[in-house]
Amino acid sequence: MQLERIHHVAIICSDYPASKRFYTEVLGLRVIAENYRAARDSYKLDLALPDGSQIELFSFPDAPARLTRPEAQGLRHLSFEVPDVQAAAAELASKGIAVEPLRTDDFTGKRFTFFADPDGLPLELYEAAPEEDLDALLLKLEGALHLREVRASAARLEELLDDDFHELGVSGTVWTRDAIIEALRDEAFSERTMSDFRVLRMGPDVALVTYRAHREAIPQRPGADSLRSSLWRRRSGRWRMAFHQGTPLPL
């Protein structure tokens, strides 16, 4: 079994309109769907975070209150990652939400704080680790695929190419991950350079890279210029190329 991430967290509330307003208007979560189940006299509100994870907000008649103090065994609290804890805490305070003083995690050095939802459920804001500049990171990863030592190494290519990678080559050939790794092992290597490199963030974990590539001439083949595009996807914290296309330019 390979667990990818947490898909959703379910919360049962006592006052559905109040909790709906809190999670959508105060915290700004996006509504995916809202359904009322008459047989259970219950609402179910599906809410989305930017990374695709979800919160399911339920209302059930006569549901017992959650034990918050003293802390009970089992799931303890729900934590949200934010780029700036102090700014997020100040925004909550401006909306009348009580927020604890900021603290620092002894093990990671990151700042965090706690507040509560309308039912007293402890919620945490945790400061995100600074992410390497995406443009610089993808320039480095894309450039690595142009290096002789990387193109000759199946292990390095497997690190950089996603499991379902495919490429539409300049010749019109459709390459799978296994096929391109096999082909590159025996290629006549040419030096390559990139220019006009651009990164377009398509979502939290998807980015489109476009650039112009120049391949130096070697005895086996002439030099060539092409337009290139790559789709990079982050899974389990690692950016890997999922798709690549080359379009030849006239000499």
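Predicted model: local features only at pLDDT ≥ 70, side-chain atom pairs only at ≥ 80, totals over all residues.
Helix α1 covers residues 16-26. Four strands build an open sheet, and a hairpin links β11 to β12.

**Helix α1**
- Buried residues in α1 are Tyr16, Ala18, Ser19, Phe22, Tyr23, Thr24 and Val26.
- An α-helix has 3.6 residues a turn, so residues three or four places apart point the same way.

**Four-stranded sheet**
- The strand order is β1-β4-β3-β2, and the pairing is mixed.
- β1 (8-13) and β2 (30-37) are the edge strands; each has a single partner strand, so one side of each is left without a neighbour in the sheet.
- From one strand to the next, the twist averages 15°.
- Strands of a sheet pair through backbone hydrogen bonds, either parallel or antiparallel.

**The β3-β4 pair**
- β3 spans residues 42-48 and β4 spans residues 54-59.
- The two strands pair in the antiparallel sense, over five bridges.
- Asp46 faces Glu56 of β4 across this pairing.

- β11 takes in residues 192-203, and β12 residues 206-215.
- These strands run antiparallel and are joined by nine bridges.
- Gly203 stands opposite Val206 in β12.
- In a regular strand the side chains alternate between the two faces of the sheet.

Methods: Residues numbered from 1 in each chain as written. Heavy atoms only, no water. Pairing = 2+ DSSP bridges. Axes fitted to C-alpha atoms, helices over the stretch in contact; angles between N-to-C directions. Buried < 20%, exposed > 50% of the residue type's maximum accessible area, 1.4 Å probe, protein only.
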